[in-house]
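Me: I'd like to go through this one with you, sheet and cavity in turn. Could you take my questions as they come?

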Amino acid sequence: MFSFVDISILVHATEDENKILNHTLESFKLSTHVVTIDRVKTEGHWKNPIMRLNITTSFDIDRLYDDLCNQLRISYGSEDFDNYLKNNHDEKGSVYVRLDKQKLCLGNLLLSDTDAVRVVFKKKEKIEK
């Protein structure tokens with residue numbers, strides 16, 4: 001159903017990059033052997049250093065999607081979470097989910113729009129015959 005997932009995290013100077021990365025990989029049950037991790041240094045509004053982590057993988061994507069959805073359905077209920085999904089996809093079928101970064105580091109997957117871990121499941125391209 002999906003071809004890859006892109007997980008994007010902003011890590012502020014006061015946060016432990018390795019801790020956030022490890023908790024994210026652990027939450028998604030991902031090994032460093034099956035992901036690509038890109039680090040981009042940037043600056044915040046007040047010139048404070050920010051590291052953007054981009055984690056991508058095409059390994060076991062449908063399981064990742066199903067696991068995430070199942071956990072969020074338990075937290076929010078099927079109807080509410082299904083409504084969230086209906087409002088967070090694009091015309092190509094990619095699904096966008098924003099998770100609370102602080103809760104994720106505590107082992108809880110909860111939705112959030114602020115200080116969020118952005119997760120994008122990209123659809124497989126259709127092969128034309």
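Predicted model: local features only at pLDDT ≥ 70, side-chain atom pairs only at ≥ 80, totals over all residues.

Me: Which strands does helix 1 lie across, and at about what angle does it run to strand 3?

Reply: Helix 1 covers residues 17-27. It lies across strand 1 (2-12), strand 2 and strand 3 (49-57). Its direction relative to strand 3 is about 25°.

Me: Why do strand 2 and strand 4 each have one side left without a neighbour in the sheet?

Reply: The sheet is open, with 5 strands in the order 2-3-1-5-4 and antiparallel pairing. That puts strand 2 (36-43) and strand 4 (95-100) at the edges, so each has a single partner strand. From one strand to the next, the twist averages 20°. The reason, then, is that both are edge strands with a single partner.

Me: What residue in strand 5 is the bridge partner of Tyr96?

Reply: Strand 4 is joined to strand 5 (residues 116-123) by 6 bridges, and the two run antiparallel. Tyr96 finds its bridge partner in strand 5, and that residue is Val120.

Me: Which helix gives the most to the lining of the largest cavity?

Reply: Searching the whole structure turns up 1 cavity of 30 Å³ or more, and the largest has a volume of about 50 Å³. Its lining includes Phe28, Arg63, Asp67 and Leu109; by class there are 4 nonpolar, 2 polar and 3 charged residues. With 5 residues, the top contributor is helix 2 (residues 61-76).

Terms used: Residues numbered from 1 in each chain as written. Heavy atoms only, no water. Pairing = 2+ DSSP bridges. Helix = DSSP H or I, 4+ residues; strand = E, 2+ residues; numbered from the N terminus. Axes fitted to C-alpha atoms, helices over the stretch in contact; angles between N-to-C directions. Contact = heavy atoms within 4.5 Å. 1 Å grid on protein atoms, 1.4 Å probe; cavity = no way out; pocket = protein on both sides within 12 Å on 5 of 7 lines; lining within 4 Å. Points joined across faces, edges and corners; volume = space filled by probe spheres on them. Nonpolar A, V, L, I, M, F, W, Y, C, P; charged D, E, K, R; others polar.
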